[in-house]
Amino acid sequence: MNISQPPDSVRGYLNALRRALKGAPKGLIADALADCEEHLNMEIAQNPEMDEAAVMAQVIETYGSPEEIAEEYRDMEASISTPFPKAPETNEISRNGGFFNVISDPRTYGALLYMLLSLMTGIFYFVWTVAGLSISLSTSILIFGIFIALLFIASIRLLSHVEGRIVEGLLGVRMPRRLPLSTASDEKLWTQIKEALGDVRTWTSIAYLLLMLPLGVVYFVIAVVGLSVSLGVTGGCIYSLLTNESHISISDLPWLEHLFHTAPGLILLALVGVLLFFVVLHVARAIGWMHGKIAEALLVRL
């Protein structure tokens with residue numbers, strides 16, 4: 001927008017702010033837009049005698065232009081310290097130490113923990129969403145069913161916000177840090193219903209919560225099997241070397257069984273276990289990156 005023609009409406013201001021924040025994390029943009037929309041609507045409500053254009057001119061003079069607000073949000077975001085790199089890149093490992101550098105990346109361990117927790121959270125999200133949808137639909141013909149549906153939608157938004165905080169805390173993906181704006185209490189019930197059902201965020205959040213069950217099963221199996229096999233192989237070989245006693249049995253390949261009953265063979269197998277452990281770490285970090293993109297796409301609305 002041309003600087004000589006500042007926005008004269010709330011929608012125009014928010015559009016200009018969105019353009020000014022282009023390239024910033026979606027969670028940051030969502031928070032900035034929500035903060036500004038709330039502030040601008042409050043200013044308009046406090047000045048009922050003025051038209052929207054006049055209020056906007058006053059707000060820009062005191063609150064700041066969209067470009068100034070965008071710069072403030074970027075500076076504020078940069079000043080917040082986190083254990084994760086500010087701008088992760090998919091090829092960061094290859095530039096900073098190669099294959100084994102993954103062990104020093106905090107995103108790796110956050111992703112592993114998220115994968116281990118995802119089965120429990122996925123089951124809870126799935127059961128809650130399916131039960132809520134079933135009850136809401138079955139009682140929709142009754143008066144109190146409308147209130148149940150509204151409460152269910154509110155719970156979906158709350159769960160989505162909680163999941164966003166988990167994703168940001170463990171995966172390092174910037175998610176919205178404030179709860180979604182609730183519908184004004186003075187609006188009619190039917191208006192609240194139409195707004196809730198027409199909000200695409202409601203349906204994408206429901207899709208995400210349902211999707212978490214199959215994803216959680218996959219994530220949990222990969223994490224548990226990968227860690228168990230890699231650490232079990234490495235630990236078993238070290239134990240065998242220390243006790244001079246190997247229990248590895250491969251009846252179909254006697255020559256390989258004999259190899260793993262010798263010190264060089266056990267050392268080789270231990271190295272394979274260590275290598276597999278690093279592969280698991282890379283897989284975990286890749287899953288964390290992928291899931292962060294899924295969470296951004298389904299839980300963040302701009």
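**View 1. Cys237, a buried cysteine.** Cys237 is buried, with a relative accessible area of 2%, and Cys36 is buried too, at 0%. Here, buried means under 20% relative accessible area, exposed means over 50%, and partly exposed lies in between (1.4 Å probe, protein chains only). Zero disulfides turn up in a search of the whole structure; a disulfide is a pair of cysteine sulfur atoms within 2.5 Å. You are looking at a predicted model, where local features need pLDDT of at least 70 and side-chain atom pairs count only at pLDDT 80 or more, while totals for chains, interfaces and linings use all residues. Residues are numbered from 1 along each chain as its sequence is written, and side-chain values use heavy atoms, leaving out hydrogens and water.

**View 2. The whole protein, made of helices.** Let's step back for a moment. The protein has eleven helices and zero strands. Both kinds of element are DSSP runs numbered from the N terminus: helices are H or I with at least four residues, strands are E with at least two. Of its 302 residues, 38% count as buried. The accessible surface comes to about 16900 Å², and 68% of that belongs to carbon and sulfur atoms. Such areas come from the Shrake-Rupley method with a 1.4 Å probe; for residues, only the protein chains shown count as cover. Take the contacts between residues at least 6 apart in sequence: 73% of them join residues at least 24 apart. A contact means heavy atoms within 4.5 Å.

**View 3. Tyr114 in the largest nonpolar core.** Which residues touch the most other members of this 32-residue core? They are Tyr114, Val167, Met175 and Tyr208. Helix 6 (106-138), helix 7 (143-171), helix 9 and helix 11 each supply at least two residues of this core. A nonpolar core is a set of buried Ala, Val, Leu, Ile, Met, Phe, Trp, Tyr and Cys residues joined through side-chain atoms within 4.5 Å. Leaving aside residues up to four places away in sequence, Tyr114 touches several partners, including Val167, Tyr208, Met212 and His291. A second, separate core of 19 residues includes Leu17, Ile29, Val59 and Tyr73.

**View 4. Val217 and a nonpolar surface patch.** Val217 sits in helix 9 and is partly exposed, with a relative accessible area of 37%. Val217 belongs to a nonpolar surface patch of about 900 Å², whose members include Phe99, Phe100, Ile222 and Leu276. Patches are made of residues with over 30% relative accessible area and no salt bridge; like charges are joined within 9 Å, and nonpolar side chains (Val, Leu, Ile, Met, Phe, Trp, Tyr) within 5 Å. Helix 9 (200-243) and helix 11 (263-299) each supply at least two residues, and helix 9 gives the most, with six.

**View 5. Glu168 and its salt bridges.** A salt bridge is a side-chain nitrogen of Lys or Arg within 4 Å of a carboxyl oxygen of Asp or Glu. Glu168 forms one with Arg165, their closest N and O atoms being 2.6 Å apart. Because they are three residues apart in helix 7, about one helical turn separates Glu168 and Arg165. Glu168 also meets Arg177 in a salt bridge (2.5 Å, N to O). Glu168 is buried at 12%, whereas Arg165 is partly exposed at 33%. Asp31, Glu77, Arg165, Glu168, Arg174 and Arg177 are linked in a network of salt bridges.

**View 6. Asp35 and Arg178, a link between distant parts of the chain****.** Asp35 and Arg178 form a salt bridge, with their closest N and O atoms 2.4 Å apart.
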